[in-house]
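Morning, everyone. Let me put one model on the screen and walk you through a few spots in it.

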Amino acid sequence: MGLNYNISNNVDKLVIDLNGDLDAYASDDFKNEVIKSLDTPKDIIFDATGLDFIDSTGLGSLISIYNKIKEEEKSITIKNIKSNVKKIFEITELDKVFNIVE
């Protein structure tokens, strides 16, 4: 299916709407675009309403983005996550790293 995303760069946060699959085919471009959008370290909110699937490379992209902002004590929040995607975060215990909001 691929991944479509929209990045809104606000003063104090980056809001990213996700649609589709965050997988090996999309993760590198996605990660690079998000990091490029971080002109200054900001909190990031991912709206996962349309995220249907994530694999290990997608998780790796999120971890890379997290590592980029954590030194500045910024956070990542993932909201509106589907149960099948949330289960991946729970199995990998990344639900303890990222703030997941339903």
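Glu73 counts as exposed, because its relative accessibility is 75%. Exposed means over 50% relative accessible area, buried under 20%, and partly exposed in between, with a 1.4 Å probe and protein chains only. This is a predicted model: local features need pLDDT of at least 70, side-chain atom pairs count only at pLDDT 80 or more, and totals for chains, interfaces and linings use all residues. Residues are numbered from 1 along each chain as its sequence is written, and side-chain values use heavy atoms, leaving out hydrogens and water.

Back to Glu73. It sits in the loop between helix H2 (56-70) and strand S4 (76-79). Helices (H or I, at least four residues) and strands (E, at least two) are DSSP runs, numbered from the N terminus. Phi of Glu73 is near 60°, a positive value. Most residues other than glycine have a negative phi.

Where is the next one? Asn80 is in the loop between S4 and helix H3 (83-91). Its phi is also positive, near 60°. Asn80 counts as partly exposed, because its relative accessibility is 34%.

Now the sheet. It is open, with 5 strands in the order S1-S2-S3-S4-S5 and mixed pairing. Two strands pair if DSSP finds at least two bridges between them. The edge strands, S1 (3-9) and S5 (99-101), each pair on one side only. Strand S3 (residues 43-54) and S4 run parallel, joined by 4 bridges. Ile44 stands opposite Ile76 in S4.
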